[in-house]
Amino acid sequence: MNRQTPNSKSQGPCGKRIKNPKRIIENAKWASCQGFSLLAFGFCFLHSPAWGEEKLAPLPVQLPKPLFEGTPKALKGLNLAKPRGNEPFMAPEGVKNVALNKPVKSSDPEPTVGELKQVTDGDKEAVEGSYIELGPGLQWVQIDLQAVYSIYAIMMWHFHKEARVYRAVVVQVADDPDFITNVRTIFNNDASNSAGLGVGSDLEYLDEYTGKLIDAKGVKGRFVRCYSKGNTSNDQNHYTEVEVWGLPAK
Ligand SMILES: [Ca+2]
């Protein structure tokens, strides 16, 4: 039987004499192992959560009770967004409402009804005493998250006791309290630019107990500002609750 030992001289694939086949075999094994390691590293690189593929889970929002009173007023001529219903919104697992009990400022520092801290107090029921009323015309409320967060969703309830639509709703995120540095607009349904913040292409919507969900797509920021300019029932501006769902920024 023509069987070669590892130490014997043998023929290579090109017919040349190979002096040390054992060494060749070991090198081949080493190269194969390195190739596998590189392949495994590449697989991990592409699939590791550390590179931005967080595990997703439904946003754990607790909705208030529905409380529509009276007959909804006709909202003719408005091109409204379809109601979101109870469809879950997927966000990275572990997101929290980082606006809860955080400080609130406003263009109207003395609301006609309620106190500014109610915007982030966790109470989002539609009953009397659970919402604040700001003056007429363009007004804003601003939340200081007190740290930079990656923001995945903003939930907003203006007033969901009756069918109404708030006008010129604009939501911005910034790095500074004066909204000068790194200002990003994440929602704008002000089609006529009546707020002077630019023409918005988002649709107007009916305020409901399910809240307005804004997909913030992981934008990083510390300050959140929400604008409005009256509503279809009156010129005032109301807020029941604003939630900012995020994770500490990496
Ligand atoms: Ca509240």
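Among contacts in the protein between residues at least 6 apart in sequence, 75% link residues at least 24 apart.

Biologist: Okay, I'm new to this one. What kind of model is it?
Modeller: It's a predicted model.

Biologist: And how many helices and strands does the protein have?
Modeller: There is 1 helix, along with 13 strands. Going along the sequence, the pattern reads β-β-α-β-β-β-β-β-β-β-β-β-β-β.

Biologist: How much of the protein is buried?
Modeller: Buried residues account for 30% of its 250 residues.

Biologist: Let's talk about the largest nonpolar core. Which residues touch the most other members?
Modeller: That core has 41 residues, and the ones touching the most other members are Val141, Ile154, Val224, Cys226, Tyr227, Val242 and Val244. Strands S7, S8, S9, S11 and S13 each supply at least two residues of this core. The largest share, 13 residues, comes from S8.

Biologist: Pick one of those. What does Val242 touch?
Modeller: Leaving out residues up to four places away in sequence, Val242 touches Ala99, Val119, Thr120, Val141, Ile143, Ile154, Met156 and Cys226.

Biologist: Switching topic: where is Val219?
Modeller: Val219 sits in strand S11, which covers residues 212-229.

Biologist: Why does Val219 count as partly exposed?
Modeller: Because Val219 has 19 C-beta neighbours inside 10 Å, and a buried residue needs 20 or more.

Biologist: So what does Val219 touch?
Modeller: Not counting residues up to four places away in sequence, Val219 touches Ile151, Val173, Arg184 and Ile186.

Definitions and conventions
Residues are numbered from 1 along each chain as its sequence is written. This is a predicted model: local features need pLDDT of at least 70, side-chain atom pairs count only at pLDDT 80 or more; totals for chains, interfaces and linings use all residues. Helices (H or I, at least four residues) and strands (E, at least two) are DSSP runs, numbered from the N terminus. A residue is buried if 20 or more other C-beta atoms lie within 10 Å of its own, exposed if 12 or fewer, and partly exposed in between; C-beta atoms are placed from the backbone. Two residues are in contact if their C-beta atoms, placed from the backbone, lie within 7 Å. A nonpolar core is a set of buried Ala, Val, Leu, Ile, Met, Phe, Trp, Tyr and Cys residues joined through C-beta atoms within 7 Å.
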